[in-house]
Amino acid sequence: MKITAARVIVCAPGRNFVTLKIETDAGIHGIGDATVNGRELSVVSYLQDHVVPTLIGRDAHAIEDIWQMLYRGCYWRRGPITMAAIAAVDVALWDIKAKAAGMPLYQLLGGASRSRMLCYPHARGTDLPALLERVAALRGEGYRAIRLQCGIPGIGDSYGVKRQGPGLPEEQVWDIGKYMRFAPKMLQAVRDAVGEEVELLHDTHHRITPIDAARLAKEVEPVNLYWLEDLVPAENQEVYRLIRQHSVTRLALGEIFNSIHDCRELIQEQLIDFIRVTPVHAGGITQVRRIADFAALWQIRTACHGAGDMSPVTFGAALHFGRWVPNFGIQEFAGHPREAAEVFRCAWSYDGDGHLLSGEAPGHGVEIDEAAAERFPYRRSYLGNVRLEDGTAWNY
Ligand code: CS2
Ligand code: MG
């Protein structure tokens, strides 16, 4: 089966998405996600100007060989743009192969390890009462695990509360001390409100220092969180040794990783409990599967990143991966803008009881309506610029 064409479709149904569509001489097509939030057009050019010309005429079934060619042949390997481009090709080819075999992608990967996937939505509130109200509403929708993000007294809406609109980066203020004084109280207050049965998660979003992270992880042990996520940036993976030695609070990391080398020490030194890599940012199914198998050696579980900027295509691929992968943990389910449903037709669904269903359609079960996509043209947008109160540039 030969690749005959590959096109990049850019659209903004509520937010920007970049989709790669690969067509074959068997009349079967597949789609992959190439969305890198805030740097979308970089991947468009990487695909259109550099990758697509090398794909035409190749065997669409040769997923591994094409992955290795794109990874090794580019010389300037790894990095978010390269690996998102490789991911888009990889997921589109897995979609094609599964469709050609007439089976849902999870079957092609090795069959179902579970019938449904535990998931968690985002509860956000500008203050604690608003957060508690949102948590109660999500409990009413059947969710068994919920992520908590709250405005912080003295610095207003922080990460995970105020949505970034289109246009140039918004300046946001952060203060470690104010966060450190508020977060443990916020988390305990929600635990007191919902009881012990609900899994509670929190994302610190790279915003504190390692010793603060150790203190926070230790202080919230009584809350028995499902996890604390992205406590500190992990370019230097060994900083997690300091955190780990002080606490048994579960730790999650990895949504920004794009290579197995970004998490090798974290995994083999058991410095984390959940690995958050997701197909679009970590080189597609082909590499995410490798990372999951490596993580399984230390009983580390998967938790694919599933924020709204993970396209419905990535979400579909992640759910089929999650249906198969033996060491599955949980799937993030932040949801997509309402308009996205006009462009992407998805076979996956929420079961109303805290779990997601992959669907049984051949492939990853997601299709794009190109005519509808044209109704939502690209709009340049950015993540925020974060600064400490003294003006120091800080981590978004
Ligand atoms: C967050 C993301 O969902 C999460 O865990 O870390 O919302 C992240 O902020 C965005 O994906 C960045 O584009
Ligand atoms: Mg996160």
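**View 1. Protein donors of the magnesium ion (ligand 2) in the predicted model.** Asp203 (OD), Glu229 (OE) and Glu255 (OE) are the protein donors of the magnesium ion, lying 2.0 to 2.2 Å from it. Donors are N, O and S atoms within 2.8 Å of the metal (3.2 Å for Na, K and Ca); water is not among the atoms, so the site may look incomplete. Along the sequence the spacing of the donor residues is D-x25-E-x25-E.

**View 2. Glu229 and Glu255 in the fold.** The pair, 26 residues apart, links distant parts of the chain: Glu229 is in strand 9 (residues 227–229), and Glu255 is in the loop between strand 10 (251–253) and helix 9 (264–268). Helices (H or I, at least four residues) and strands (E, at least two) are DSSP runs, numbered from the N terminus. Both Glu229 and Glu255 are buried (under 20% relative accessible area, 1.4 Å probe, protein chains only).

**Notes.** Residues are numbered from 1 along each chain as its sequence is written, and chains are lettered from A and ligands numbered from 1 in the order in which they are written. In this predicted model local features need pLDDT of at least 70, side-chain atom pairs count only at pLDDT 80 or more, and totals for chains, interfaces and linings use all residues; side-chain values use heavy atoms, with hydrogens and water left out.

How values were computed. Buried < 20%, exposed > 50% of the residue type's maximum accessible area, 1.4 Å probe, protein only.
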